[in-house]
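This report looks at aromatic rings and at charges placed over them. Please view the sequence and the structure first.

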Protein chains: 2
Amino acid sequence: MAEEAEVVKNKQVVLKNYATGFVKDSDFIIKTDSTMSLKVPESSSKGVLVKNFYLSCDPYLSFLLQKSDSSLEAQFSRFSLGSTINGFGVAKVVDSRHPKFEKGDLVWGITGWEEYSLIAEPDSLFKIEHTDVPLSHYTGLLGMPGLTAYGGLFEVCNPKKGEKVFVSAASGAVGQLVGQFAKLTGCHVVGSAGSREKVDLLKNKLGFDDAFNYKEEQGLDAALKRYFPEGIDIYFENVGGKMLDAVLLNMRMHGRIAVCGLISQYNLEKPEGLYNVASILFKRLRVEGFAVFDYLHLYPKFLDLVLPQIRAKKITYVEDIAEGLENGPAALVGLFSGRNVGKQVVLVARE
Amino acid sequence: MAEEAEVVKNKQVVLKNYATGFVKDSDFIIKTDSTMSLKVPESSSKGVLVKNFYLSCDPYLSFLLQKSDSSLEAQFSRFSLGSTINGFGVAKVVDSRHPKFEKGDLVWGITGWEEYSLIAEPDSLFKIEHTDVPLSHYTGLLGMPGLTAYGGLFEVCNPKKGEKVFVSAASGAVGQLVGQFAKLTGCHVVGSAGSREKVDLLKNKLGFDDAFNYKEEQGLDAALKRYFPEGIDIYFENVGGKMLDAVLLNMRMHGRIAVCGLISQYNLEKPEGLYNVASILFKRLRVEGFAVFDYLHLYPKFLDLVLPQIRAKKITYVEDIAEGLENGPAALVGLFSGRNVGKQVVLVARE
């Protein structure tokens with residue numbers, strides 16, 4: 001006879017309204033009356049049941065929370081009203097019917113914004129093999145943002161020693177790594193961010209050659225001309241809008257722009273226009289959109305590069321950890337106003 | 001003692017005013033009182049003196065004729081007021097002090113808009129080896145536009161059999177070849193052009209699978225959805241502006257856009273805005289500007305591909321030949337209103 005499964009309370013972040021414009025705290029409910037049986041049901045032939053430790057606040061979630069059509073173009077299916085939202089996270093396997101995972105395994109990948117999640121299709125979960133680094137890093141440095149930075153910089157931009165690299169949203173989850181990877185390659189790296197605190201971080205903790213607060217600049221074109229008098233070889237694009245337009249004017253011949261994100265545009269009714277398109281022609285630029293999904297096969301190679309650098313303290317990673325699932329919505333909302341300093345993580349439970 | 005050199009009259013097209021907005025006939029003068037000695041002067045240590053047969057009307061000339069700053073970004077130096085303009089052409093060597101060229105050689109490359117030109121730095125001239133094709137083709141199919149089409153399609157876009165290809169300004173000097181090269185690769189090819197006559201040419205003479213007149217469409221997005229219900233894999237961009245914006249909405253995942261020209265934008269005071277930039281991210285597109293100068297080393301390989309196809313009549317080429325140097329300015333001006341049908345050439349003298 002089957003062992004009686006333990007049943008626990010399971011706090012959840014549930015979508016109440018689709019966002020119109022900027023996502024708001026009030027678009028979510030914290031549901032406290034759900035329960036979860038800590039056994040994978042027999043009907044779930046390869047399910048995995050996990051206890052969630054860390055959840056990742058990522059800009060792409062904005063598309064899945066919006067009512068507008070733009071969400072149709074996202075890589076995931078949109079969240080349903082009244083259901084628990086999901087995203088990348090770090091968790092521990094409590095029970096498994098999947099041959100690849102067993103009880104006690106640490107994993108990262110798509111999980112629910114709740115205390116415990118039943119993952120019906122766990123094939124895309126990564127097993128965490130290296131635990132001598134903070135587990136939260138698997139939402140950032142060693143997770144999706146890390147692989148995004150790696151794929152976007154090395155596969156899309158192919159940086160060479162001495163090249164001039166500009167990174168926007170540079171203290172963010174991806175940007176801070178792009179800058180450090182570019183420095184390791186011998187590039188000259190300048191970042192932009194939205195506060196003095198972040199600029200200070202870039203210059204004094206993350207090893208950028210220089211950084212500026214875009215909110216304090218009279219004009220972005222003039223700022224870029226000051227920081228890149230010879231022009232920009234590589235732009236790692238996280239923000240879009242006016243910044244991209246100014247960058248186009250300041251690119252060098254045969255420059256490369258990796259389009260990783262356009263966070264300044266996600267919550268606008270109509271995106272801003274891009275006017276300096278002719279620079280793409282005249283300077284023979286390559287502008288390339290990419291997503292981490294194109295580079296998942298590189299994850300082992302990425303770990304081989306990055307783990308020794310972390311252990312040698314040659315790569316550092318700044319996280320902004322919100323404690324408690326109930327603070328998750330506010331942490332997520334804060335992304336879109338740049339409230340977070342470093343990678344925004346939500347701590348659900350300690351290991 | 002040096003032989004007395006023959007001196008001939010040398011009609012010239014001279015720039016009178018820098019263009020403001022659209023180039024006009026009246027921005028030029030036809031100068032009829034110049035003369036030319038048909039000997040390379042001893043002071044010109046490696047000069048070549050040529051008799052011009054055909055001149056090429058190319059969109060890039062617009063930058064060299066304009067007063068605006070955009071010209072600073074062009075690949076050539078701007079024309080001087082009161083001087084003869086220059087551009088690509090086909091000519092015959094009348095006298096040479098350059099070891100690579102001798103009297104009687106046919107050449108193509110940068111020459112003057114005049115009957116005879118002294119080319120002081122002829123290193124970039126190509127010697128014409130194959131004369132069993134019309135000489136005028138060396139301004140188009142076998143010249144700069146041909147190599148542009150080849151480099152842009154094969155090197156930038158890497159087309160694969162069965163892919164869906166869209167070409168704008170498709171009956172133009174470059175577009176008509178892009179379409180034919182893509183058909184030879186086994187792609188499905190649709191072109192846009194600005195008149196019924198051109199659309200007819202695309203469908204019935206140039207072998208495009210389909211074509212449409214963008215001026216007769218209610219909306220470009222709707223037109224593209226009709227011609228590409230499954231979306232576009234490759235867009236060969238010659239026009240820019242609203243067409244590019246509509247194309248972005250209709251690209252398929254991992255599509256490629258070769259930016260060869262933006263002719264709709266060249267004469268505007270301020271370019272049109274591009275709003276669908278997010279498609280580059282969501283569909284992981286590659287948008288790449290290029291110029292023929294990146295592919296000059298491929299010219300022999302290009303000839304190997306294209307000459308047999310011409311001889312087998314598998315590639316055809318439509319030219320619009322204006323007779324007489326004095327009709328050159330009007331022919332050039334006509335490019336920007338799409339008056340020409342096929343590659344616009346000016347016949348200066350018959351061989």
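Phe154(A) has a relative accessibility of 25%, and therefore counts as partly exposed, since buried means under 20% and exposed over 50%. Phe181(A) counts as buried because its relative accessibility is 1%. The model described here is predicted.

The structure holds 36 aromatic pairs over all chains. One of them joins Tyr60(A) and Phe88(A): the ring centres are 6.2 Å apart and the planes stand at 80 degrees, so this pair is edge-to-face. Tyr60(A) belongs to the loop between strand S5 (48–56) and helix H1 (61–64) of chain A, while Phe88(A) belongs to strand S6 (residues 86–96) of chain A, so the pair ties together parts 28 residues apart in sequence. Tyr60(A) and Phe88(A) are both buried.

Phe154(A) and Phe181(A) also form an aromatic pair, and this pair is tilted, with 6.0 Å from centre to centre and 40 degrees between the planes. Phe154(A) is part of helix H2 (residues 144–157) and Phe181(A) of helix H3 (residues 175–184), both in chain A, so the pair ties together parts that are 27 residues apart in sequence.

| Charged residue | Ring | Distance from ring centre |
|---|---|---|
| Arg78(A) | Tyr18(A) | 4.8 Å |
| Lys270(B) | Tyr275(A) | 4.0 Å |

In the case of Lys270(B), the residue is in chain B and the ring of Tyr275(A) is in chain A.

Note on methods:
Residues are numbered from 1 along each chain as its sequence is written. Chains are lettered from A and ligands numbered from 1 in the order in which they are written. This is a predicted model: local features need pLDDT of at least 70, side-chain atom pairs count only at pLDDT 80 or more; totals for chains, interfaces and linings use all residues. Side-chain values use heavy atoms; hydrogens and water are left out. Rings of Phe, Tyr and Trp (its six-membered ring) pair if their centres lie within 6.5 Å; planes under 30 degrees apart count as stacked, over 60 as edge-to-face and the rest as tilted. Helices (H or I, at least four residues) and strands (E, at least two) are DSSP runs, numbered from the N terminus. Buried means under 20% relative accessible area, exposed over 50%, partly exposed in between (1.4 Å probe, protein chains only). A charge sits over a ring if NZ of Lys or CZ of Arg is within 6 Å of the ring centre and within 35 degrees of the ring normal.
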